[in-house]
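Morning, everyone. Please have a look at the screen.

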Amino acid sequence: MKPLLDQLQGLDTLISQAMGGLSVQLQPIPGDVPVVQVTIDGRQELPIFLTGSQAQILCMCYLWTDDEVKAERRTELLGCLLDLNPSVPLSSFGRVDGRYVLFGALSADARAEDIAQDVAVLSDNALDALDALSEFLN
């Protein structure tokens, strides 16, 4: 398996092409585990994080925190997320450390073009999720 940063060479250009020319920035995040933050022009509040392991590449977007959910509608939101999961292409809802996320995964040997397509779809799905589920948020 190639190192993540090598595998992502040219990814900014490929994502930009997949998203109709939007400006895309990649920012490696220092740490023990390689992580790259993808920021898309006009969607800065929804960056996507990429990381890899021997088996897969994970793409994840943070949506909101537990604190942002209307307490009286939390159970309803959770049911809605479960109902929506099968119909959100290439993405799944989850929760990490009290933050709701949308994520997708690819094979560790995925081509940069495939990763770019997954990031573009994940970004669009995140916008759609925020729009569709805003009634549950403060």
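Is Asp 124 buried, exposed or partly exposed? Asp 124 counts as partly exposed, at 34% relative accessibility. One caution before I go on: this is a predicted model.

Now the partner. Asp 124 forms a salt bridge with Arg 43. The closest N and O atoms are 2.8 Å apart. Arg 43 sits in the loop between β2 (35–40) and β3 (48–52), and Asp 124 sits in helix α4 (residues 112–133), so this pair ties together parts 81 residues apart in sequence. Arg 43 itself is buried, at 14% relative accessible area. The cut-off for buried is under 20%, so Arg 43 falls inside that class.

How many salt bridges does a search of the whole structure find? Six. Let me take some others.

Next, Asp 66 and Arg 95. They form a salt bridge, with closest N and O atoms 3.3 Å apart. This pair also links distant parts of the chain. Asp 66 is in the loop between β4 (56–65) and α3 (74–84). Arg 95 is in strand β5 (residues 92–96). They are 29 residues apart. Asp 66 is partly exposed, with a relative accessible area of 31%. Arg 95 is partly exposed too, at 44%.

Then Arg 111 and Asp 114. Here the closest N and O atoms of the salt bridge are 3.1 Å apart. Arg 111 counts as partly exposed, at 49% relative accessibility. Asp 114 is also partly exposed, at 32%.

Last, a network. Which residues does it link? Salt bridges join Arg 73, Glu 76 and Glu 135.

That's my tour. Over to you.

Key:
Residues numbered from 1 in each chain as written. Predicted model: local features only at pLDDT ≥ 70, side-chain atom pairs only at ≥ 80, totals over all residues. Heavy atoms only, no water. Salt bridge = Lys/Arg side-chain N within 4 Å of Asp/Glu carboxyl O. Helix = DSSP H or I, 4+ residues; strand = E, 2+ residues; numbered from the N terminus. Buried < 20%, exposed > 50% of the residue type's maximum accessible area, 1.4 Å probe, protein only.
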